[in-house]
Structures are given as structure tokens and as C-alpha cells.
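I opened my notebook to look up a few things in this structure. Please have it on screen while you read along.

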Amino acid sequence: MRITNSMQYDALSSSTQRLESRLLDASRTASTGLKIAAPEDDPAGAAALVRLGTIEDQTQSFQSVIQRVQGDAELAEGTLASATDLFTEAKSVALQGSSGALSASDRAILSLQVDGMLGDLLSLANTKGEHGFIFSGTLTQTAAFDASGTFQGNDSTRNVDIAQGVSVVANTSGAKAFTAAGGTDAFKALQDLKTALDANDPTAIAASVKGLDDAHGQITAARADTGLLMSRLTTTQSTHSQSLTMLASAKHNIADADLPTAYSQLSQAQTTYTQAIAVGKQVLSTLSAWFTA
Amino acid sequence: MGLGSLLGLAQSGLAANAYALDITGSNVSNVNTPGYSRKTPDLASMLGGGVTAGNASRVFDQFSAARMIVTGGSSSAAGARDNALGSVSQLFNETQSSGIADAMSRFFSSMSALAASPDDTTTRGAMLSAADSFASQVRGVATDLASQRSGLLSQAKGTADEINGITAQIAALNGDITKAKASGGDASSLEDKRQSLVADLSQRVDVKVVTDATGQVTILGGGTALVSGSNATKLNVGMDAAGNTQVTASANGGAGADVTGSIAGGKLAGLITARDRDIPAVQSKLDTFVSEIGTAMNTQHAAGYGADGVTGRALFSFAGPPGTAQSFALDSQMVGHPERVAAAADPAAAPGDNGNAALLAGLGTQQIAGGGTKTPADAFSDIVGFVGSTKQSADREVGVQQSLYTQAKTMNDSASGVSLDEEMANLSMYQRAYQANAKVLQAADQLLAGLMQTL
């Protein structure tokens, strides 16, 4: 083939441009550590990154939901624990009051104590969480009980997804913990004790112990359910943390460049480019030999 | 033969080699001139001795030149399309920056948060904000796609103007070349200029060159005769009723014929392909995606109840298709009204009821897109994959076409280009020949001088 000067210049120019492009790619990969900088670098990989990123976001979203639920669940569990303590104390008062050794004035003092317990129970049952009254069902802006101990809320549940296809009841039922809907009206049990104490009736006081025991058991059961919910939330959150680690790893496998290979390719590209420049200089000096000879 | 004849021989040799040196010098000086075809002196022996120099021959290989023009056009088309798709690809580059997928994730996350705290006004407001952000992100991408189509139309118009300028010059050169040849002059430099313009033209539109016996070229391109003799046809770029690019060809400035479908190469073809095929394909996929997501969200939202107890409200508003993505927005009745977010399934259980919020959040993982076969994330990742594949294919096409063009250009340069090595050898050859003829002249002169002294 007949070789012309423009062919030599074009060959030099195009090979230098090609090598510059390769050098740019290699240096970008080595400096960012990423092998996918744009969808066209690996269309399937880029699509997979979008999917994995979305799953990652969903998982983080589930974690955020768990944290929201955990706040009110911990508050409910603590409140119910206080309520069970209250009924343990009430039972103790009932047993003390049923003793034949106590006088009417002693029972009147005990009645005042129970009166305070009724106030405490009302306060506990009307506990407000982050987003409203935690024992009002879904009527979270309404106090669960009025001053007379009458339930104002509902027994509706709030189901929340904490993982893909996994739903939990996020609210603790105030109806089942404190009202006859759970078997025993806790307020009535305390009121019965107070009434018996006020009546100075040891028999009625002794009879009220069963109601107090039932209310205690009912609140304990509600507390156990809340404890189970908290345990489930903790377990699921741990699973999500593991999932996030695996998802991050999967994303890195797709998007990240193998750094030793990337550095090696960069070094190779630099060497080749330098050599091409040297060859170019040599060719240009040969071309000008006619004029310097 | 006499001494006078010897003087004549020397004179013709001096003149012919001086002319050859002149051509060699011209070749050397044009070594870097684009489109220049090297010349060779047309030396011929004369009857009775001596040498004559005719017009210089222009070394031109019709086949390799035609091949270079065709591959140049294809390479230019591929490059123009690839450049246009580069901008599209960046709109869907979710690998390093946040985009639609990220905004959509944040939107569905805000739904999940709403399901956990349906009674919280801040959470309701955050959900509306995330919905607005998602719609805004989609709208931004759709608007950018539309802007790119608009920009490509402007580029196509500019390219048509360039084409019209070049064809007018070629038509004028056709006339000049005919005149030069008719008067027996050297038209090779005009032919070089015309060839260079044809090469420029082929970068912008598909070109086929037909040369007639008089040296005039007819340029066929875009399904019409762009240049015929001294006449040029003008191309005009506009839009048809559907908003697609329309190229019309008009010889006399009147209503032109639609030649859009015949534009087969050059930058104009690449721009049209990107504008009317590639980008609309992406727009259509985005419109379908948005329509499916928006419809599913609206249907579910309308089924629930706001904290104000009202039902039947849409969450998003959109038109089309086409234009669904570009019109996608948070419904005006929802803007600034977090209490209208339909989180509750039962109005009596509001505001703590999350029945509808849970269903809305659940749509993020349900197959509500792709005709009911894909989750929103899968459907959008398919669009990202489609854009990536299209750009990757365009990149490869550029590589292939560039390689073919380089080969064709190498072939053409090999035939018509200037080699300094060759010219330097020629320079030396003609210089020595000139010196030899000068010696002959000197010898004849000395002989004549001796003769004159003898006389």
C-alpha cells in the first residue's frame, strides 16, 4: 500500500485519541472505584442497581417504621407494667382490708389509698405516646377513659407492615387491657374494692380480690402481647440489618471495580499512551528528516 | 539534426522539468490540504525528440472516494445519534446520583411512615412532600426529554442550512469547472474544492455522486437530486402534525416534497433517528410507567378517607398519554392539605386508622406496572436498562462506523494523498533532470561558441 503523510498523521492522531479515551476510562475507574458510571457501561447492571437500591430503601423504610412502632410499644409495655404493679398493690390492700382486725376508720384510710389508685389507673390508661393516646385504639386524639373510667376509644387495630408480607398489630388494645372486652373491667374491679372498703364490709372486700386478680391477669396478658410485639420488632430489625449488609454487598459486587485490576489497567494505559507519544515523536522526526538532512 | 535542434531539446527538457518541479512543489505545499488530490506531471516525448508537458493529471480514485463519502455519512449519523443519546442516558443515570427511582423510594417510604403514624400531621405533610418531589422528579426528566427533542429539531434545522449552503457552492463550482474545461484550462483545483465540499456534505446527509462526461456532478441525497448541474435543491426542516421531524426538498423555493423517510445518512439522519425514534421510545415507556403508577395510587387513595372524613380524592393529576410524565403532578386539591391524605379505610376510626395508608404503601411492592406484571421498581429499572442498552448500542455503532470510515479514508488517502517521501524523490529527480538539460544547453552553447570562433 502507498503510504502518505496524511495517513501517518491520521493514524497517529486516531491511535492517540483512542489511547487517551482508554486512559480516561481507566483513570475514572481507578479514581472512583466504580465500573458502572452510566447506564450504558452495563445496562443490566445499572437496572439491577436500581432494583437493589429500591429494595435497600424499602428495607430502611421498614426499619424506620419499626422504630416508630417501637417507641409506642415500649411506652405501652412500661405503662402496663405500672398497671400490674398497681393491681398487685390493690390486692394487697384488699387482703389487708378483709382482715377482721381492722376498724372502719382503718378501712376508710385504705379506701382513700384505693381512690388514689383509681386516679393513677386513669392516668396510666390515658397515657399519650408520640402520636396520641396509646390505649384509644385508632381514636388516638380521644382520651381512652373519661373521669368515671368509661372507655372512650375503640378496639380497632392498626396493622403495619414491618417487612415484605409481614404485618403486625402496632397498637396495644386498651379495650382488652382495661375493659370488660378483655373479660374484666379493671376500673370496676378497683371501684368494687373501694365500695367494699367504704361499706366497711370485710366479706365484700375479700370478694373483690378475684376481680383484682382477673384485672391483673388481663393487664399482664396485654403486657405479654406487647412484649412479644417488641421482641418481634427487634428480631425483624436485626434481620433487616443483615439484609442491608447483604444488599450493600450485592450492590458493590455489581458497581465496584476490582481495584487491583483497575490500577493495573491504569498503569498499562499510561505506559501505552507514553509509548504512543514517543512513537509519534519518532515518526514526526522521520518525516522531517528530509529537511534536516 | 543540428545544434539548433539540440538547443530545442534542452529548452523543452528545461521547460518540462521546471513544470514537473512546479507540480511537485504544489503537491508538497498541499500536503495537509483537506480534499487535495496529488497531481502528476503529464510528460510525453515529442515527435522528433524533446519532451512536452501537458496538463497535470489529478490522481483520483472514484471508488475509494465514493466509499469514503458513504462511510463518512454513516459515521456522522452514528455520532450525531450517540451524542443525543448521551444526554438522555444522563437523565436516567441512577448509578451515582439520585433520580426518579430514589424519589419513588422516598415516596413509598413516606407511605409506610404514614401507615405507622396515620394521625401525625407532620407525617402526613411529609408524605405529600415526598409525593410532590416524586412527581416533580418525573416531570423534570420528561421536560428534559422534550427539551432535547426541541434542541435536536434546532440542530436539524441548522444542519439543513449548512447542507443548503454547501449544495449552492457545489452547484456554482459545477458551472465553473465546465467553463474551465471548455476553455482548456486546468480545473483540478476546482474539482478538489468540489470534492472537499462533497465530503463535507456527506457528513450531513446521505450522498451519492454521479459524474457526467463534462465533469459536472449530480449529487443525489435524501431521496432527491440535491445538486443537478448548476442548480441546487433546498432542504427545509420543520415538524409534521404528529410533532415529528419533517424534511422537505424544494428546488424553486415553493412547497417542497416530503423526503424525511429518504434521509438515510449523515448528521441529519442521526438527529432524526434520535429525535423521532429513540427519545419517543423512552418517553412512551416513561408515560406508561407514570400512568400505571399514578392510576393505581389514585384509585387506592380515592378509596380511603382523609382526616376530614372525605373520600374519593385523587392524589396525583396527569394527562395523556402522550405527555403523561410531563403533566404528572400532586393533585391541586391535595397541595397544602395534609388532612386530606386518605390514610383511613374507615372514616369512623379516623384519625388513627391506617387501613388505606397500609394499602397505599403496599402498592410499592405490588405488580401495578408493566401491565400488572412488574413492581414499580422493576418497571423503572427496565426503563433504565432500555436507555442503557440503546446508548450502548449507539456507542458500538459509532465504533463500527468510525472504523469503516477510517479504512475508507486510508484507502482514499493511499490513492490520492501526498507522500512527502515520494515528492522529495520526485523533487530530486526533476531537479537533476533540469540540471542535466541545463548541461545540454551549456554544451550546445559551447559548441555554438566554438563554431562561431572557427567562423
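Here are my entries, chain by chain and then pair by pair.

**Ground rules.** I am working with a predicted model, where local features need pLDDT of at least 70 and side-chain atom pairs count only at pLDDT 80 or more, while totals for chains, interfaces and linings use all residues. Residues are numbered from 1 along each chain as its sequence is written, and chains are lettered from A and ligands numbered from 1 in the order in which they are written.

**Chain A.** I looked up the secondary structure and found 8 helices and 4 strands. Helices (H or I, at least four residues) and strands (E, at least two) are DSSP runs, numbered from the N terminus. From that end, the order is α-α-α-β-β-β-β-α-α-α-α-α. The C-alpha atoms fill a box of roughly 135 × 30 × 25 Å along the principal axes.

S3(A) pairs with strand S4 (residues 166-169) of chain A in the antiparallel sense, over 4 bridges. Strands pair if DSSP finds at least two bridges between them. A:Ala163 stands opposite A:Val166. The hairpin leaves 2 residues between its strands, and A:Gly165 in the turn has a positive phi of about 80°.

**Chain B.** I noted 10 helices and 13 strands here. Chain B has a radius of gyration of 36 Å, well over the 23 Å from the globule rule for 455 residues, so it is more spread out than a compact globule. Its C-alpha trace spans about 145 × 45 × 30 Å along the principal axes.

**A sheet in chain B.** Next I followed an open sheet of 4 strands, with the order S5-S6-S7-S8 and antiparallel pairing. S5 (208-211) and S8 (231-232) are at the edges with a single partner strand each, so one side of each has no neighbour in the sheet. S5(B) and S6 (residues 217-221) share 4 bridges, and B:Val209 stands opposite B:Ile219.

**H2 and H6 of chain B.** How do H2 (residues 62-91) and H6 (residues 266-303) pack, and at what angle? Their axes are 7 Å apart, at an angle of about 35°. Axes are lines fitted to C-alpha atoms, for helices over the stretch in contact, and angles run from 0 to 180 degrees between N-to-C directions. The contact residues include B:Gly73 and B:Val88 of H2(B), and B:Gly266 and B:Val282 of H6(B). Contact requires C-beta atoms, placed from the backbone, within 7 Å. By class I have 11 nonpolar, 6 polar and 3 charged residues. Ala, Val, Leu, Ile, Met, Phe, Trp, Tyr, Cys and Pro count as nonpolar, Asp, Glu, Lys and Arg as charged, and the others, Gly among them, as polar.

**H6 and H8 of chain B.** The axes of H6(B) and H8 (residues 355-362) come within 9 Å and cross at roughly 170°. That makes H6(B) roughly antiparallel to H8(B), a label for angles over 145 degrees. Among the residues in contact are B:Met297 of H6(B) and B:Leu359 of H8(B). The classes are 4 nonpolar, 3 polar and no charged.

**Where the chains meet.** Lastly, I checked the contact between the chains, which takes 49 residues from chain A and 51 residues from chain B. H2(A) gives the largest share of chain A's side, 17 residues.

Methods
Two residues are in contact if their C-beta atoms, placed from the backbone, lie within 7 Å. Angles under 35 degrees count as roughly parallel, over 145 as roughly antiparallel, 65 to 115 as roughly perpendicular and the rest as oblique. The radius of gyration is taken over C-alpha atoms; the globule rule is 2.2 Å times the number of residues to the power 0.38.
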